[in-house]
Number of protein chains: 2
Amino acid sequence: MKKLPKISESEWQVMRVLWKQSPLTANEIVEKLAGSTDWKPKTIKTLITRLTKKGAVKFEKEGRLYKYHPAVGKDECVRMERRSFVRRVYGGISKPMLAAFLEDAKLSAEDISELRKILEQKAEE
Amino acid sequence: MKKLPKISESEWQVMRVLWKQSPLTANEIVEKLAGSTDWKPKTIKTLITRLTKKGAVKFEKEGRLYKYHPAVGKDECVRMERRSFVRRVYGGISKPMLAAFLEDAKLSAEDISELRKILEQKAEE
DNA sequence: AACAAAGTATTACATTTGTAATCCTACGTC
DNA sequence: GACGTAGGATTACAAATGTAATACTTTGTT
């Protein structure tokens, strides 16, 4: 498996847009981010450029402008972040950590039963 | 409530040592980190200094040397990191995220039953 | 009293990140 | 064909971060 680039806090915002929908032009990305951030368009262009340099995003020329799309999978990146987070903060995945998450969460009844199912499966191993 | 300083990845290692045990001298911190990192003592001193500048660590002179101890609570910092992580990666806490964590975890039977208890309580709300 | 050792304080320096602005270029318009 | 304009490319620049080295100071030792 190839090595995943390190994606910074701001860059994550861009990646999340692209993972949700792609390919997109730079301006389309800017529009999608207009609601959630107050970054100037140029700032977003910079982030996109950096992501392509890191190999997290690829693009093709479509006529005169570029269409961008993710070059790395969301799930892998999420997994990496999760591990890095857990290692940093808890020194490893742990029950107290999970408990804190669960307590913090707002969950529907179905959510809860799904999660319980996961735990039951774990219990059987 | 006071504002928490932003603690970087490397600084977290130092904080975790101090949260586990304090007060400690700089050298004691260095020793505790010797196993898990290969940082030079000077590097660790720098991290300690930065943490004091940020207000995350305080110290008193004990004779000729300093004893360091945390100035911010672990739980608060952990909570902040957790929220920041979740917002960055998932755009908010969510069931898929929790499911991923649970699946990734190695848990003892007691861990599992405790977590199930939490979920049951949630279900009752 | 001079010196060595151990600690702290100061300085160093390349990278990454946040946040843009300016420059250049191709394309459509008059 | 000159010119404005929209996009991409290049450049900017301070703060944070990773990773130390060097300088200074206090104190125990001889």
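Biologist: What should I know before I start?

Modeller: The model is predicted, so local features need pLDDT of at least 70, side-chain atom pairs count only at pLDDT 80 or more, and totals for chains, interfaces and linings use all residues. Residues are numbered from 1 along each chain as written, chains are lettered from A and ligands numbered from 1 in written order, and side-chain values use heavy atoms, with hydrogens and water left out.

Biologist: At what angle do the axes of H5(A) and H4(B) cross?

Modeller: Axes are lines fitted to C-alpha atoms, for helices over the stretch in contact, with angles from 0 to 180 degrees between N-to-C directions. Helices are DSSP runs of H or I, at least four residues, and strands are E runs of at least two, numbered from the N terminus. Here, H5(A) (residues 95-104) and H4(B) (residues 74-90) come within 12 Å and cross at roughly 65°. They are therefore roughly perpendicular (65 to 115 degrees).

Biologist: Which residues make the contact?

Modeller: Contact means heavy atoms within 4.5 Å. H5(A) brings Ala100(A), Phe101(A) and Asp104(A), while H4(B) brings Arg82(B), Arg83(B), Phe85(B) and Val86(B).

Biologist: And the strands: how many bridges join S2(A) and S3(A)?

Modeller: Two strands pair if DSSP finds at least two bridges between them. S2(A) (residues 57-62) and S3(A) pair antiparallel over 6 bridges, with Glu62(A) opposite Leu65(A). Their hairpin has 2 residues between the strands, and Gly63(A) takes a positive phi near 65°. S3(A) (residues 65-70) also runs antiparallel to S1(A) (residues 24-25), joined by 2 bridges; there Leu24(A) stands opposite Tyr68(A).

Terms used:
Angles under 35 degrees count as roughly parallel, over 145 as roughly antiparallel, 65 to 115 as roughly perpendicular and the rest as oblique.
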